[in-house]
Amino acid sequence: MSSSAPVIAAVDGSEHSLRALEWARQAALRHGTGLLVAHVLPDESQLYTARRQALSDPAAPETYADPVAGRIRDLLAEAPELPAEVHYEALTGSVPEALRVIGSEARMLVMGSRGRGGFTALLLGSNSHAVAATARCPVVVVPHETRDEEAVGTDPSAGRVVLGLHASETPDDVLAFAFTEAAARGTTVQVVSAYAIPPTPLVMVDTPFAVLTPEGLADGADAVPAEREMLRAQTERLAPFRERWPGVPVAQAAVPGDAAGRLVDASRAAALVVVGRHHPRRTIRNVAIGSVAHAVLHHAHGPVAVVPTLSDDA
């Protein structure tokens with residue numbers, strides 16, 4: 001991925017997608033890159049057709065009768081700051097396929113958890129799930145307002161970047177994305193790994209999860225063996241990323257129980273939760289998104305980034 005790759009916001013005119021547009025605008029500014037706003041028109045006659053038009057040129061000819069384009073121009077015209085380059089594309093065809101193709105060279109693709117016509121009771125729409133499972137770039141899913149209001153704190157954008165890490169399985173691409181996001185935000189990477197041992201009194205504290213730093217794990221330290229080994233594995237896995245991003249603070253947590261549940265808890269006060277798309281050895285289509293990513297997407301209280309790996313395209 002090029003450092004100049006744009007941030008893409010997928011919009012359909014719904015309030016959910018407009019929240020995603022605002023998140024994408026800020027992301028493009030943080031990374032110093034362009035913003036591409038994409039709308040898939042309800043036309044199934046073609047698999048994929050694109051038309052690019054600079055938002056700054058309202059006199060440009062309209063190829064499609066796109067009711068969303070004017071609203072997007074108006075919203076961005078009122079924004080306090082815009083990236084140097086902002087473009088709009090109208091696409092036709094299958095929503096997941098159109099976004100998968102356009103996102104192949106993107107820094108990230110940002111979309112709402114539900115689109116126009118989504119049922120209120122649904123936490124994640126079918127298009128959002130399909131795009132997160134198949135896109136060639138990281139996909140950030142921004143939750144609808146009801147879920148976001150349940151988050152702890154008044155300014156979730158100022159929170160940490162939470163990274164769900166399996167020390168031996170999470171690909172480098174996932175860690176690099178989390179560190180890059182934390183560096184752009186000037187915040188901490190909170191690393192969370194889970195181990196399948198019942199909690200002990202040593203880790204029952206008044207926090208969403210107990211944090212024991214590797215520095216406190218001398219041979220005689222009070223910690224269950226699985227927790228101690230998990231933190232040591234974390235430390236070894238994170239070493240090259242600490243060297244690459246020396247200015248990014250890192251907090252480590254080894255927690256008992258369910259990884260997805262712990263990440264959902266952490267999402268209440270996080271700016272972003274970052275997870276890998278699936279186990280690198282899994283290739284069956286219906287588990288491509290992975291159980292942890294699937295659960296976090298459906299239940300997190302803030303934005304979630306699902307990061308693919310190179311093996312996805314193999």
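**Labels and their grounds**

Mentor: The side chain of H31 makes a polar contact with the side chain of E181, at 2.5 Å. Keep in mind that this is a predicted model.

Trainee: What makes the H31 and E181 pair a polar contact?
Mentor: The cut-off for a pair of N or O atoms is 3.5 Å. The side chains of H31 and E181 are 2.5 Å apart, within that cut-off, so the pair is called a polar contact.

Trainee: Why is H31 called buried?
Mentor: The relative accessible area of H31 is 15%. Buried means under 20%, so H31 is buried.

Trainee: Where is H31 placed, and which residues does H31 touch beyond four places in sequence?
Mentor: H31 belongs to helix α1, residues 15-31. The residues that H31 touches are R107, M108, T180, E181 and A184.

Trainee: How do you know that the charged end of R30 sits over the ring of W23?
Mentor: The charged end of R30 is 5.5 Å from the centre of the W23 ring. The distance limit is 6 Å, and there is also an angle limit of 35 degrees from the ring normal.

Trainee: Why is V11 called buried?
Mentor: V11 has a relative accessible area of 5%. That value is under 20%, so V11 counts as buried. V11 is found in strand β1, and its contacts beyond four places in sequence are S17, L21, V37, A38, H39, V40, V68 and I72.

Trainee: What makes A251 buried?
Mentor: The relative accessibility of A251 is 16%. With the cut-off at 20%, A251 is therefore buried. A251 lies in strand β9 and, leaving aside neighbours within four places, is in contact with R160, T188, V189, Q190 and V191. From A251 to V162 the C-alpha distance is 9.5 Å, for 89 residues apart in sequence.

Trainee: Which residues of the largest nonpolar core touch the most other members?
Mentor: They are L21, I72, V110, L163 and V274, in a core of 45 residues. Apart from it lies another core, of 36 residues, including A38, V255, L263 and V273.

Trainee: Which residues does V274 touch, beyond four places in sequence?
Mentor: V274 touches V161, V162, L163, G164, V174, F177, A178, A305 and V307.

Trainee: Which residues of helix α3 are buried, and what covers them?
Mentor: In α3, residues 95-102, the buried ones are P96, A98, L99, R100 and I102. Their cover includes β1, β2, β4, β5 and α4.

Trainee: And which residues of helix α8 are buried, and what covers them?
Mentor: Within residues 259-267, A260, R262, L263, V264, A266 and S267 are buried in α8. The cover over them includes β7, β8, β9, β10 and α9.

Trainee: Which residues do ring pairs link into a cluster?
Mentor: F179, F241 and W245. The whole structure has 3 aromatic pairs.

Trainee: How many helices and strands are there, and what share of the chain is buried?
Mentor: There are 9 helices and 11 strands. Buried residues make up 52% of the 314 residues.

Key:
Residues are numbered from 1 along each chain as its sequence is written. This is a predicted model: local features need pLDDT of at least 70, side-chain atom pairs count only at pLDDT 80 or more; totals for chains, interfaces and linings use all residues. Side-chain values use heavy atoms; hydrogens and water are left out. A nonpolar core is a set of buried Ala, Val, Leu, Ile, Met, Phe, Trp, Tyr and Cys residues joined through side-chain atoms within 4.5 Å. Buried means under 20% relative accessible area, exposed over 50%, partly exposed in between (1.4 Å probe, protein chains only). Contact means heavy atoms within 4.5 Å. Helices (H or I, at least four residues) and strands (E, at least two) are DSSP runs, numbered from the N terminus. A polar contact is a pair of N or O atoms within 3.5 Å; within protein, one must be able to donate a hydrogen and the other to accept it, and residues adjacent in sequence count only if both atoms are side-chain atoms. Rings of Phe, Tyr and Trp (its six-membered ring) pair if their centres lie within 6.5 Å; planes under 30 degrees apart count as stacked, over 60 as edge-to-face and the rest as tilted.
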